[in-house]
Amino acid sequence: MDVASTEKRKSPKKVAKVPEYLIYEVVKGKPIYYKGYKDVLNKTKTFEEIIMDSTLQAWLKFRLSLLIGQFLIENNFEVTTGEQGFIFPEGDKRGADLAIFKAENFKIDEHYSRQIPELVFEIDVKADTENTTEMDYVLQKVEDYHRFGVKKVIWIFTKNKKVMVAAPGQPWLTLDWTASIEIVEGLNLTLSNLNVEKPKA
C-alpha cells in the first residue's frame with residue numbers, strides 16, 4: 001500500500017482565497033462579497049460586469065441627485081453618490097448609493113466617510129447573500145445605519161417597484177412608487193414620476 005498516495009488523496013482541497021477587490025462590505029470583521037463574485041472566480045464574468053448598474057439603477061441615482069440636490073445644497077446639506085463608503089466606529093465598512101449630510105458634518109477627503117449622514121438611499125442589493133437572505137441583509141444594514149446615527153434610510157427596490165422608509169423609533173414603512181416620500185423637512189419626492197414637490201401646508 002502506497003502511504004504517500006493515500007495521504008495525498010485524503011488531504012483537503014485548498015479553498016481559493018477571494019481577492020480583496022471582491023469584498024463589498026465588512027461587518028463584524030467578516031467580509032461580505034459582491035453579488036456574483038463566484039462568477040468572477042469561475043471566470044464566467046468580469047468584475048466590471050458584476051458591479052455595473054442597470055440602466056434603471058444608474059438613471060435613478062442621477063435623477064435623485066439632480067432633483068433633490070439643488071434644494072438640499074440651498075438648505076445647508078451636501079449630497080454624495082456613486083457608492084459612498086462609510087467606516088463605523090467599530091471598524092465595519094458599509095456602502096451607500098446616495099447619502100445626505102448636514103453641511104457642517106461633511107468632510108471631503110480621499111477616504112471612506114467617518115461622518116454621520118442624515119439620510120441614506122439604497123437601490124436594490126449589491127451584496128452576495130448566499131449565507132443569509134436578502135431581506136435579513138437589508139434589515140441588518142438598516143439597523144447598522146441607525147446605530148451609526150443615520151436618521152432615515154430609504155431603500156428602493158426596482159424589481160417590484162417598492163420603497164422602504166426606515167427611521168429609528170418609528171414604524172418602518174413599505175410603500176409603492178406612487179407614494180409621496182419626505183426626504184427632509186420641506187422636500188418630498190414621488191418615485192413613480194420623480195417629481196419633487198413641496199408638501200401641502
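Leaving aside neighbours within four places in sequence, V138 is in contact with V125, W155, F157 and M164. Contact means heavy atoms within 4.5 Å. The model is predicted: local features need pLDDT of at least 70, side-chain atom pairs count only at pLDDT 80 or more, and totals for chains, interfaces and linings use all residues. Residues are numbered from 1 along each chain as its sequence is written, and side-chain values use heavy atoms, with hydrogens and water left out.

V138 belongs to the largest nonpolar core, which has 30 residues. A nonpolar core is a set of buried Ala, Val, Leu, Ile, Met, Phe, Trp, Tyr and Cys residues joined through side-chain atoms within 4.5 Å. Buried means under 20% relative accessible area, exposed over 50%, and partly exposed in between (1.4 Å probe, protein chains only). L22, F86, Y137, V138, V142, Y145 and W155 touch the most other members of this core. Several elements give two or more residues to the core, including strand 4 (93-102), helix 5 (134-148), strand 6 (152-157) and strand 7 (162-166). Helix 5 gives the most, with five residues. Helices (H or I, at least four residues) and strands (E, at least two) are DSSP runs, numbered from the N terminus. Another core lies apart, with 23 residues, among them L60, F77, F121 and L194. In soluble globular proteins, nonpolar side chains tend to be buried together.

Strand 6 is mostly covered, with six of its six residues buried. K152, I154 and I156 point one way from the strand, while V153, W155 and F157 point the other way. In a regular strand the side chains alternate between the two faces of the sheet. Two strands pair if DSSP finds at least two bridges between them. Strand 5 (residues 119-123) and strand 6 run parallel and are joined by five bridges. Here W155 is the bridge partner of E122. From strand 5 the chain crosses through helix 5 to strand 6, in a right-handed β-α-β crossover. Right-handed means that, with the strands pointing away from the viewer, the path from the first strand over the helix to the second runs clockwise.

On strand 7, the pairing with strand 6 is antiparallel, over five bridges. W155 stands opposite M164 in strand 7. The hairpin of strand 6 and strand 7 has four residues between the strands. K161 lies in that loop. Its phi is near 55°, a positive value in a residue other than glycine. K161 is partly exposed, at 37% relative accessibility. K43 also has a positive phi, of about 65°, although it is not a glycine. K43 lies in the loop between helix 2 and helix 3, and is exposed, with a relative accessible area of 75%. Most residues other than glycine have a negative phi.

Twelve aromatic pairs are found in the whole structure. Rings of Phe, Tyr and Trp (its six-membered ring) pair if their centres lie within 6.5 Å; planes under 30 degrees apart count as stacked, over 60 as edge-to-face and the rest as tilted. The rings of F86 and F148 have centres 6.1 Å apart and planes at 65°, so this pair is edge-to-face. F86 lies in strand 3 (residues 77-87) and F148 in helix 5, so the pair ties together parts 62 residues apart in sequence. Both residues, F86 and F148, are buried. One aromatic cluster is formed by F86, F88, F101, F106, Y145 and F148.
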